[in-house]
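Here is a short report on one protein model. Look at the structure first, then read on.

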Amino acid sequence: MGNKFLKRIMFFMLAEKSRLESRRDKLVKNNIVTVLNLHRVSPDTGSAYKAICPLFFDQLIGYLAKEFHICLFGNFKQIKTNKPKLILSFDDGYKDFIDYAVPILEKHNVRVNQNIIPYCIETGLPPVNVLLQDFIGKAPNELLKKIPIDIDTTIIDRDKLGIKASFLIKYLPESEFIPCRAELLKFLLNYPEFLCASVMTKKDIMQISSIHEIGAHSFEHLSMENQNKGYFLTDLKKCKEYFLESLQLDCDIYCFPNGSATAEQIGLAKEYGFQNVLLVGEKYSDATSGVFNRFTLDVSSMAEAKYKSFGRRALLI
């Protein structure tokens, strides 16, 4: 049997109805808020950075809207419901959110959180690790060898190679990340035919901000655990100013890139006026603290989606 077939069988068993109903009852009883983290929704572009297919996303949102009360960080405390509470939290501000996700969300009358990166909005460029994964997924082998970072091009699986290449750069400290990004962009932007991700404009964000909840995903998408205190405090300040001056929005959501944060940084973000601080963690969190762990919703089947939307095997707090 192939790995994909075994994976489908496993998720079919994990999504067994009685198991999900048991978890559903506990989520309601303990007033637990589940936060699911998503990124891109688009048809397959050939990128090594995989998106959720729009047709599947439509089915997924229909299921989630039926099983959960989907809410926002700004209103979940006021909502009274006999369903588990769920927040859908998107990162990075991709253009395909406008093109594909927004119409589907409107169809199901669902509002979500979208966390944008001011640097990306102003430059029109997605995070460099995402552009790199686009390139790795689509470029011919001879060009992969010319990428100006040390990657193992003997890896045949382009998706795995893309993930490994992304990890090489996205956790670098600022002093290394900035020159690395500049060198990669100088190379990658010579090959636009192999790049496919794009980001929302300020106009796009302002148009959806009356419906969907907009947060800051840092100013330029560096992993914060590896940055010094001065850099982090400047980042918080730049995010607040950008939202007020460029988007005319008062932002109270700070989403740490790659879920990378120290306890001190989380506290500083709260002190700076970000009432809701978002991590990853693949676990539940005490929503009353204003610090939210999120479950990554990287799914390709409804059985997998059901299992992961109910918190995988995470302990119910």
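Helices are DSSP runs of H or I with at least four residues, strands are runs of E with at least two, and both are numbered from the N terminus. The expected span of a helix is 1.5 Å times one less than its number of residues.

This is a predicted model, where local features need pLDDT of at least 70, side-chain atom pairs count only at pLDDT 80 or more, and totals for chains, interfaces and linings use all residues. Residues are numbered from 1 along each chain as its sequence is written, and side-chain values use heavy atoms, without hydrogens and water.

**Helix 2**

Helix 2 covers residues 17-29. Its 13 residues reach 18 Å from first C-alpha to last, close to the 18 Å expected. Buried means under 20% relative accessible area, exposed over 50%, partly exposed in between (1.4 Å probe, protein chains only).

| Residues of helix 2 | State (relative accessible area) |
|---|---|
| L20, R23, L27 | buried (under 20%) |
| K17, K29 | exposed (over 50%) |

The buried residues of helix 2 fall within an arc of 65 degrees seen down its axis, so they line one face of the helix. That arc is taken from the directions from the helix axis to the C-beta atoms. K17 and K29 sit on the other side. Just after helix 2, N31 takes a positive phi of about 50 degrees.

**Around F135**

Contact means heavy atoms within 4.5 Å. Leaving aside neighbours within four places in sequence, F135 is in contact with L143, L144, I147, F187, L188, Y191, F194 and L195.
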